[in-house]
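Thanks for sending this one over. Here are some friendly notes on one of its sheets, to read with the structure open.

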Amino acid sequence: MDKNFDVVIIGLGPVGSLLAALLNEAGLKVLGIEKDKEIFQLPRAITINDESLRIMQSAGLEHVYSENSTPVEGAEFINSEHQRIGEALKIKGLITQNAWNPISFFHQPTTDQNIRNILEDSEIEILLEENLIDIQQKESVVEIETENLITNKKSLFTSNFLVGADGSSSTVRNLLAIEQEDLDYNREWVVVDVKLKEEIAMSQMAAQICDPKRLATYIPAHLPYKRWEFLILDDEDKKEIEKEETIQRLIEPWLKPDQYSILRSAIYKFHAVLAKDFKVQNCFLIGDAAHQTPPFMGEGMNTGFRDASNLAWKLVLALKEKDFVTALLNSYQTERRPHAQFIVENSVSIGKLMAAYAAAENPDDVPEELVNKGYASYIIPNLHEGLFFGGIADPSMGSGSLFPQFIEIKKNKIIKRKDNLLGSGFAIISKKEIELSREEEDFYNKLNTKIITIEEDQILQNHWLSSYMQMGETFIVRPDKYIFGCSSDRVSFQELTIDLKNRLRAR
C-alpha cells in the first residue's frame, strides 16, 4: 500500500464517505481511515434535505438516498392533547430550486452500507479498524501515524491535506488542540427507534410535542420505521427510562406494544457545540467533528454534507493551482463556520420554543421573537461572506445562493435532473454567447470552466431559473453550485472576472 496521498480522511461515516467520493470523482488519491470494521447497524441520522440530495448527485450517489427514503409532508408543534399550536410547516409535494423534495426521511444503516460498498469498489484506499494516534504538520505535508486495533501495528502516512470527519469526540480535533464553543444546550434525551409489524395509519407530519410533563418529538421516518425522542427529566433514573415497559408506556399514545418491535432505545446528550477553528494549517474539520447540534431541525448530517461539498472543490483546485491555495483554504472556515453556527443556534431555539409552549398556559403568551425562530428557521440561509463578488454575498445578483438546477420536465414532472451540464468546475451561464479574451480564457481554463449559453425554453420551463435569470445576463457559478455573481447594468462580466481572479490569488 502506498504511503503518500493527496488527502487523508479520518472517519468514514456519511460525511467522511461523501467527501471521499467527491475527491475520488475529481481523480485525487484518497485514503479513508475508520476505526470500526462494520458500519453502525442502528439508525442515527434520519433526515436528508434537497441540497444534500443535490450534493449527492454530484458524487453520483443520489440514488442511494432517493431509493431508500420517504418525502416529508411537514412538521408541527402540538400540545399534550396532540392539538396543533400555531402554524405548521407544510411541504408535501413541494420541489425546490435544487430539484428535490425539501426534506425526506431515510434509514441510515441501509444508505451507509450501500455507500460503503460503492467506496470499496472505487479507487479510494480504505483502512478499517485503524486508529489515528498522531498528527505532525510539516511545511509541505501532513504526517499521520495510525495503529491497527487488531494487530497493534503502527503505520505512517503523508498527505497534502488531512480532514477530520471523525465525529463528536474527534481525535483530529483533540490532537490539533482545537477548543469548542458551547452554545447553551445540553440535555439528555432517550431516542427510540421502532419497526412497525403491520401497516398502521399514523400522522406523516413530524411533531414537536410541547407537553409540560415531558417534551418529546415524533418522527414518521421511512417506512416501516418510526422514531420518538423523549426528554429525560432531572429526577429520573436513566436505567428505568430505557426499560422496555417504560418505552412502551411513552409510545402508548401512538401505538400498542404488539404493533411494533423496538430496534433501540438509547440515551443521548443533545449538544450545541461549535469548534472555534474548522481549519488549522492544512488540517480541516467537517461534520460532527466541527459542530454538534440538537436534532430539532434535522440538520446535523446535512450541515456536514455542506461542509464536505464546500471543502472538496477547494482541495481539488488548491492541489492543481498553487497560486490559489491560501484564499481557497481560508475561505472554508469563512464560509462554513457562521453557516454552521446559524444551524446550531436555530436548532437550540426550536428546543427552547418547545419548552416555552409547554410552560405557557396560553401559547399566545410565548414571546414573538422565539415563535419566529420556530419553523421559520427551517429556511436555511445563503452563505454570507467568502468567495463572492466583493467578498460579501449580494441577493440582488444571487451571489451566496445556489444556482437552480437545470431540469427536464414532462407532464409537470421532473424526468431528468441536469446538473451535469454545469460540469465539475466553475460554470459560466449566460443568455448570450460569451467571447473571452485570451487572458480570460487562460484563467477560466485553470478553473475547469464550462460555458453554457442558456436557451429560452430552458428558462421558461423552470420557474426557479426564470426568476434567477431576471437578475442579470451572465452568471459565474462555483463548483459547489453557489453563485459567485452575475453581470448586469451595474457590474460587467469583465469586472466579475477581475474580482474572482483577485480573490483566488489573495494571500
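1. Ground rules. This is a predicted model, in which local features need pLDDT of at least 70, side-chain atom pairs count only at pLDDT 80 or more, and totals for chains, interfaces and linings use all residues. Residues are numbered from 1 along each chain as its sequence is written, and side-chain values use heavy atoms, with hydrogens and water left out.

2. The sheet. Three strands form an open sheet in the order β3-β7-β4, with antiparallel pairing. Its edge strands, β3 (47-49) and β4 (69-71), each pair on one side only. On average, neighbouring strands are turned by 30 degrees against each other, direction ignored. Strands here are DSSP runs of E with at least two residues, helices are runs of H or I with at least four, and both are numbered from the N terminus. Two strands pair if DSSP finds at least two bridges between them.

3. The pairings. β3 and β7 (residues 103-106) are joined by three bridges. Along them, Asn-49 stands opposite Ile-103, and Ile-48 faces Ser-104. β4 and β7 also pair over three bridges, where Ser-69 has Phe-106 as its bridge partner.

4. Which residues cover the two faces of β7? Ile-103 and Phe-105 lie on one side, Ser-104 and Phe-106 on the other, and all are buried (under 20% relative accessible area, 1.4 Å probe, protein chains only; exposed is over 50%, partly exposed in between).

5. The helix. α8 (residues 300-320) lies across β3 and β7, running at about 45 degrees to β3. Axes are lines fitted to C-alpha atoms, for helices over the stretch in contact (heavy atoms within 4.5 Å), and angles run from 0 to 180 degrees between N-to-C directions.
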